Amino acid sequence: MPTEQDLEQKLQQLKSVIKGLTSVLVAFSGGVDSTFLLKICLDVLGKDKVLAVTAKSATYPERELQDAVMLVGMLGARHKIIESEELDIPGFSDNPPERCYYCKKELFGKLLDIARQEGLNFVVDGSNFDDTADFRPGMRAVRELGVRSPLKESGITKDDIRALSKKMGLPTWDKPSFACLSSRFPYGEKITKEKLNRVARAEEVLRNAGFSQYRVRSHRDIARIEVEPGEMSRFFDRDLREQVAQKIKQAGFSYVTLDLLGYRTGSMNEVLKEGEKAAWIN
């Protein structure tokens, strides 16, 4: 765990970075990272110099949108919701390894236009320092468009964000990590609105069953469940196991499996070769 001194140094560095930006549009999802970033931007720059923008799309569950609206209201920030339909982006629905690049390029292009219209100097996103360790082709779009990532620039990790968020009383400090629903599909499997809705309904089953961190990875008609290793033993309960399986089948899957390695970010990237990753992160 980070020490208090380390946290304070990183927080001051973050505030210094944000102060230098003068005015910002925050790409706001309502997750742990963007909520913390929005809070600090408001503290440093003030409400008039900050605008939170949330993109509504088929890859973003309605529940997450509702959370984002609630959090913006709690923080007292200006907020704009825009439509961003990733499935209409050429190449996106074919689900290549660089899928996120196309998405971020389109989304941040829209955000930059809004920032110019609003007279804001920069678009900022919630990427943190841990994101440098994973395959994230969307980062190339961030660099190409000049979007700033103050958390990453300040060396702030996910653990740092959670610790600082807890200290500040932000309700997101222990919110489970969430990623775009498109990340639930193997590369090369075509993504459709129907498939996205099926995954969203299946993950809602796990949420309602009380699991803290989870994913339902879609392999055509097979739902591969990932939960935290410490929660796997809950599936030893026959009633729970059968209830979860039945409801996920009702969501549209034919088979339901449990991944014995448990929840982990970017598990769909495990099949990629290093050369494929390097082509998009360098």
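Hi everyone, let's start with helix α8 (residues 193-208) and helix α9 (residues 238-250), whose axes come within 8 Å and cross at roughly 160°. Axes here are lines fitted to C-alpha atoms, for helices over the stretch in contact, with angles running from 0 to 180 degrees between N-to-C directions. Helices (H or I, at least four residues) and strands (E, at least two) are DSSP runs, numbered from the N terminus.

A quick word on the source: this is a predicted model, where local features need pLDDT of at least 70 and side-chain atom pairs count only at pLDDT 80 or more, while totals for chains, interfaces and linings use all residues. Residues are numbered from 1 along each chain as its sequence is written, and side-chain values use heavy atoms, leaving out hydrogens and water.

Back to our pair. α8 and α9 are therefore roughly antiparallel to each other; the cut-offs are under 35 degrees for roughly parallel, over 145 for roughly antiparallel, 65 to 115 for roughly perpendicular, and oblique for the rest. Which residues make the contact? From α8 we have A202, V205 and L206, and from α9 V244, K247 and I248, where contact means heavy atoms within 4.5 Å. They divide into five nonpolar, no polar and one charged. Asp, Glu, Lys and Arg count as charged, Ala, Val, Leu, Ile, Met, Phe, Trp, Tyr, Cys and Pro as nonpolar, and the others, Gly among them, as polar.

Now to helix α1 (residues 4-21) and helix α2 (residues 32-45). Their axes come within 10 Å and cross at roughly 65°, so α1 and α2 are roughly perpendicular to each other. On the α1 side, L11, L14, K15, I18 and K19 meet F36, L37, I40, C41, V44 and L45 of α2. That contact has nine nonpolar residues, no polar ones and two charged.

The rule is a side-chain nitrogen of Lys or Arg within 4 Å of a carboxyl oxygen of Asp or Glu. D43 and K39 are about one helical turn apart, because they lie four residues apart in helix α2. The count by this rule comes to 25 salt bridges.

Last, the sheet. Three strands form an open sheet in the order β5-β6-β7, with mixed pairing; two strands pair if DSSP finds at least two bridges between them. β5 (214-219) and β7 (255-258) are the edge strands, each pairing on one side only. β5 and β6 (residues 222-227) run antiparallel, joined by six bridges, and S218 stands opposite A223 in β6. Thanks, everyone!
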